[in-house]
Structures are given as C-alpha cells and as structure tokens.
Amino acid sequence: MGLRRGDGGAGRKAGTWSVAAPATVGAEGHTRAAIVQLLLEEGPITATAIGSKLGLAPAGVRRHLDALIDTGQARASRSAPWQQKGRGRPAKQYQLTAAGRGTLGHAYDDLAGAAIRQLGEIGGEKAITEFARKRARTIVAGIEPVGQHTADSQNTAHTEAKAEEIAEAFTEAGFAATTRKVGAGVQICQHHCPVSHVAEEFPQLCAAELEAFRELLGTHVQRLATIANGDCACTTHVPLLSLPIAQNNTSTQTAAQPAAVRTNDSGRSAE
C-alpha cells in the first residue's frame with residue numbers, strides 16, 4: 001500500500017501505483033491523501049519537494065502538514081547540515097509518526113497478537129519462529145535464489161534485480177517496498193509494515209524476513225532500521241560484492257540500528 005513510481009534515478013521501476021497528478025488532487029481529501037503517501041514513501045521530505053512532486057504551492061502543502069502535525073500524524077525536524085542545499089536556514093523535513101502510519105491500517109493487530117501468544121504457549125518459541133519463517137517464505141514464494149556470488153558485473157546486476165524482485169513481492173503484501181543503490185550495495189526499504197504493532201512484541205517476524213532475504217540473495221545482509229523499533233522505514237542493506245554467508249559470523253545479527261541521527265526540532269514553522 002504505497003505509491004510505486006520511477007524517480008529518474010536508482011531505485012524501483014515505475015509500476016502500477018503512482019502519485020496523484022495535480023489535476024486529480026484538487027479535493028482536500030485527495031490532496032491530504034497524496035501528501036500522506038509521499039510522507040510514507042519518501043519521508044523525511046520538505047514541503048517544497050512535496051509541492052514540486054504534486055504540482056502544489058508550498059504554502060498549501062504546509063497547511064496540510066500543519067494539520068497532520070496537530071493531529072499527531074506527522075512531525076517535522078530541521079535538515080542535517082549535509083542535507084542543506086544553498087544558504088539560509090535549514091529547511092524543515094516532514095515524516096509520518098507511528099500514529100500516522102497507524103491510520104493506514106493495522107487490521108486485526110490484537111487478534112494476531114493473541115493468536116501468536118497462544119501459539120507460543122502451546123509450542124514455545126520454536127513454534128513462533130517456524131510460524132514467522134513460513135509467513136516470510138509465503139511472501140517471497142516463487143522467487144528463485146541467486147547463484148553463487150562473484151564480484152563480476154553480471155552477478156552485481158543479478159543481485160540488484162533479485163532485490164527488486166523481493167521488493168515487488170513485499171509491496172504486493174502491503175509493505176510499500178522500494179530499492180535504492182547506495183555505494184557498493186543496494187538497500188531494500190519497506191516504507192510501511194502492516195504488522196509493525198505485532199512485530200514490536202514478536203521480533204521473530206522481522207528476523208524471519210531477514211533470513212528470507214539472505215536465502216534468496218545468497219549473501220550476508222544487514223538490517224539497518226525497522227518501523228517496529230521506531231524508525232521511519234525498515235531498511236536492509238545488501239552488499240553487491242562477494243560476501244558468503246558461511247564466512248561471516250555476524251550474519252545472525254537481527255537487531256535494528258538507527259537509520260540516522262534525529263534532530264530535536266519538531267515544530268510547525270515554515271521552511
């Protein structure tokens with residue numbers, strides 16, 4: 001449940017979802033929904049950037065952003081120095097809060113949590129782990145694992161394509177997933193997690209996803225951030241150089257690390 005589109009650079013190819021064009025976001029509700037979707041997939045993002053993508057005046061965008069902040073669905077912070085373009089006061093960047101993501105739907109969280117707790121009482125931690133693995137493998141069912149890793153360009157392209165394939169499968173499962181090239185690797189970013197509230201209690205769900213990524217990509221991958229831990233997206237780094245799983249003892253690491261240093265300004269002032 002995200003907006004799938006091309007951005008002219010590294011990342012996901014254009015798909016079946018798209019940001020509403022200016023002609024279709026005239027109604028207040030449609031405009032607000034389009035802004036929320038951009039905050040979901042591209043946050044933190046400035047009001048100017050949102051206006052540019054939707055063909056709206058920054059002042060109008062800020063009005064919607066202020067309303068989202070007032071209801072606790074979004075927050076704002078100043079850009080880091082390295083993100084600033086040009087001179088002047090750093091622009092504000094906006095992103096959804098946990099409450100804002102919650103409005104996008106966490107159906108049956110209570111029921112799912114209760115069911116997994118009962119499963120644990122009956123079968124113990126092993127039963128929960130096996131359930132999580134089966135769920136993750138169901139999402140990526142039909143995706144063939146990559147062959148043995150080498151450092152050649154053909155293998156690099158294959159790994160990138162496989163990461164894209166995984167992102168598409170998770171998008172279809174409601175995770176609004178994208179990929180982006182970062183240095184000597186590619187990152188799989190899940191901008192929404194329909195089970196994040198349950199995953200807070202049962203981290204086996206996140207661990208099973210990471211295990212599925214490793215099995216399909218045939219290399220060590222590292223989880224950098226998770227929505228369940230309070231980050232704005234679940235981000236997994238996939239190296240494009242040869243790094244066999246069997247030779248890397250840190251491959252079992254599943255704890256998320258902070259995606260970035262957060263600034264402490266969360267007010268409503270304009271850019």
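Trainee: What should I know about the model before we start?
Mentor: It is a predicted model, in which local features need pLDDT of at least 70 and side-chain atom pairs count only at pLDDT 80 or more, while totals for chains, interfaces and linings use all residues. Residues are numbered from 1 along each chain as its sequence is written, and side-chain values use heavy atoms, with hydrogens and water left out.

Trainee: How many helices and strands does the protein chain have?
Mentor: The protein chain has eight helices and six strands. Helices (H or I, at least four residues) and strands (E, at least two) are DSSP runs, numbered from the N terminus. Their order from the N terminus is α-α-α-β-β-α-α-α-β-β-α-α-β-β.

Trainee: What percentage of the residues is buried?
Mentor: Of the 271 residues in the protein chain, 44% are buried. Buried means under 20% relative accessible area, exposed over 50%, and partly exposed in between (1.4 Å probe, protein chains only).

Trainee: Which residues have the most contacts inside the largest nonpolar core?
Mentor: They are Val140, Ile166, Phe170 and Phe213, in a core of 34 residues. A nonpolar core is a set of buried Ala, Val, Leu, Ile, Met, Phe, Trp, Tyr and Cys residues joined through side-chain atoms within 4.5 Å.

Trainee: And which element gives the largest share?
Mentor: Helix H8 does, with eight residues.

Trainee: What does Phe170 touch?
Mentor: Leaving aside residues up to four places away in sequence, Phe170 touches Ile139, Val140, Phe175, Ala176, Ala177, Gln190, Glu209 and Phe213. Contact here means heavy atoms within 4.5 Å. Another core, of 18 residues, lies apart from the largest one and includes Ile35, Leu38, Ala47 and Leu68.

Trainee: Back to Ala176: where does it lie?
Mentor: Ala176 is in the loop between H6 and strand E3 (177-182). Its phi is near 45°, a positive value in a residue other than glycine. Most residues other than glycine have a negative phi.

Trainee: Why does Ala176 count as buried?
Mentor: Because its relative accessibility is 1%.

Trainee: New topic: at what angle do H1 and H2 cross?
Mentor: The axes of helix H1 (residues 28-42) and helix H2 (residues 47-54) cross at roughly 120° and come within 11 Å. Axes are lines fitted to C-alpha atoms, for helices over the stretch in contact, with angles from 0 to 180 degrees between N-to-C directions.

Trainee: Which residues make the contact?
Mentor: H1 contributes Ala34, Ile35, Leu38, Leu39 and Glu42, and H2 contributes Ile50, Lys53 and Leu54.
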